[in-house]
Amino acid sequence: MNGISRLDSVALRFLIPLWRTFRLAARPRRAAQVSPAPACTRSSDKCGGMIGHLRRSAAGAFALMLAAMPAARAVSAAEAPAPRVLFINVGKADAALVMADGWNCLIDTGSKASVPRLFGALTRMGVSRLDAVFLTHTHKDHTGGMEALAKYRGVGKVYSAGLSIPDKNGRNIIAKMASEIGVPHMLLSAGDTVAAGGCVLEVLGPVQYDGENDNNNSLVLRLRAGGQTLLFAGDMEYRQEYTLLEAGTDLKADVLKVGNHGNSDATSRTFAAAVAPDIAVIS
């Protein structure tokens, strides 16, 4: 198999390096300008390993401008700018910035070591304060920047999954962290929605508790903004993917933030086909 683009059963149409920037208009749209996916060397029933093969060549940040206006419609200068999503290069960690009509949120905060990169991106984008932070799960490559953000930037509210492995005293780890840094906290469950800035974040998972691996308790979010949809998979692995598929969850999205950093224990063929994204982003 010469490349992932030849996997007809996988609906990942494009895998593109993180340093490229695209403006996405409403359908119909196809990226004739987008280069074919780089060749992959691994062949198996699981496509996570092949996706992971591309991660090593990705660098910088990847930004999406999400526009819902038909091409023929004139855009007034008074209209709010199109929502934007910036996938920040925080190394093998996750951090995505959503900017929509003055409302700014992060989905994950990278690691403690990546705080300078995170703050550099926020400064460059003119974000001095965050209205919300969504932490997909408890691992430090997703929560590591939270304390610094609360101290030096300010955070309106922290959101996390209600299903999560607790600490040794039975407390929710993210709720405890939020309390210690003085930020309001809210637990989310599948079926909840958070709406702000003309965007809607739908909570798709977790739908089942995993007491052994908090990756599989990842807060799975689908962002609806500017006529586009983006699915943030956190670090969910095959087991959580299966629970969502078994529950009949609608997973379709235009953009997929690939689960668990593109590792070979995530993004099965069945899951990829259910999402059917035009773009996949690996962090």
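Which residue's side chain meets Lys176 in a salt bridge? It is Asp167, with 3.8 Å from N to O. The close-ups below look at this pair and others.

This is a predicted model, so to speak: local features need pLDDT of at least 70, side-chain atom pairs count only at pLDDT 80 or more, and totals for chains, interfaces and linings use all residues. Residues are numbered from 1 along each chain as its sequence is written, and side-chain values use heavy atoms, with hydrogens and water left out.

**View 1. Lys176 and Asp167 form a salt bridge (a side-chain nitrogen of Lys or Arg within 4 Å of a carboxyl oxygen of Asp or Glu).** By this rule there are 6 salt bridges. Lys176 is partly exposed at 28% relative accessibility, while Asp167 is buried at 18%. Here buried means under 20% relative accessible area, exposed over 50%, and partly exposed in between, using a 1.4 Å probe and protein chains only.

**View 2. Asp94 pairs up with Lys257 in a salt bridge.** Their closest N and O atoms sit 2.7 Å apart. The pair links distant parts of the chain, 163 residues apart: Asp94 lies in the loop between strand E3 (84-87) and strand E4 (96-100), and Lys257 in strand E13 (residues 255-257). Strands (E, at least two residues) are DSSP runs, numbered from the N terminus. Asp94 is buried at 3% relative accessible area, and Lys257 is buried at 5%.

**View 3. Glu202 meets Arg222 in a salt bridge.** The N to O distance is 2.7 Å. Glu202 belongs to strand E10 (residues 199-205) and Arg222 to strand E11 (residues 220-225). Glu202, Arg222, Arg224 and Asp250 are linked in a network of salt bridges.

How values were computed: Helix = DSSP H or I, 4+ residues; strand = E, 2+ residues; numbered from the N terminus.
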